[in-house]
Amino acid sequence: MSDALAIGCVGKLVVATRGDRGPGEVLVTVRGSKETFLAWSDDPLPKGSMVLVVETRGGRTVVVEPWNE
């Protein structure tokens, strides 16, 4: 199955992102179960932030943006 299914999903950061200094980790519901992905963002985002998956980089790695409901 493709990681592209995560695009458009809203998730919660379980490990903070560090912008261009390194990825965090996001928990999203995909394929009917909760899964974690490495998560990159343009700016650092704190643990617990709600984010939107906007892109996949392959290898269970995604790009996220802040999500404000």
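Two strands count as paired if DSSP finds at least two bridges between them, and the strands themselves are DSSP runs (E, at least two residues), numbered from the N terminus. With that in hand, look at the model above: five strands form a closed barrel in the order 1-3-4-7-6, with mixed pairing. From one strand to the next, the twist averages 55 degrees, where axes are lines fitted to C-alpha atoms and angles run from 0 to 180 degrees between N-to-C directions.

A quick word on what you're looking at: this is a predicted model, where local features need pLDDT of at least 70 and side-chain atom pairs count only at pLDDT 80 or more, while totals for chains, interfaces and linings use all residues. Residues are numbered from 1 along each chain as its sequence is written, and side-chain values use heavy atoms, with hydrogens and water left out.

Now let's walk around the barrel. Strand 1 (residues 10-15) runs antiparallel to strand 6, joined by three bridges; here V10 has L52 as its bridge partner. Strand 3 (residues 24-30) and strand 4 (residues 33-40) are also antiparallel, with seven bridges, and V28 sits opposite E35. These two make a hairpin with two residues between them, and R31 in the turn has a positive phi of about 55 degrees. Strand 4 then pairs with strand 7 (residues 61-66) in parallel, through three bridges, with W40 partnering V63.

Finally, find S49, in the loop between strand 5 (44-45) and strand 6 (50-58). S49 counts as buried because its relative accessibility is 17%, and buried means under 20% relative accessible area (1.4 Å probe, protein chains only).

How values were computed
Helix = DSSP H or I, 4+ residues; strand = E, 2+ residues; numbered from the N terminus. Buried < 20%, exposed > 50% of the residue type's maximum accessible area, 1.4 Å probe, protein only.
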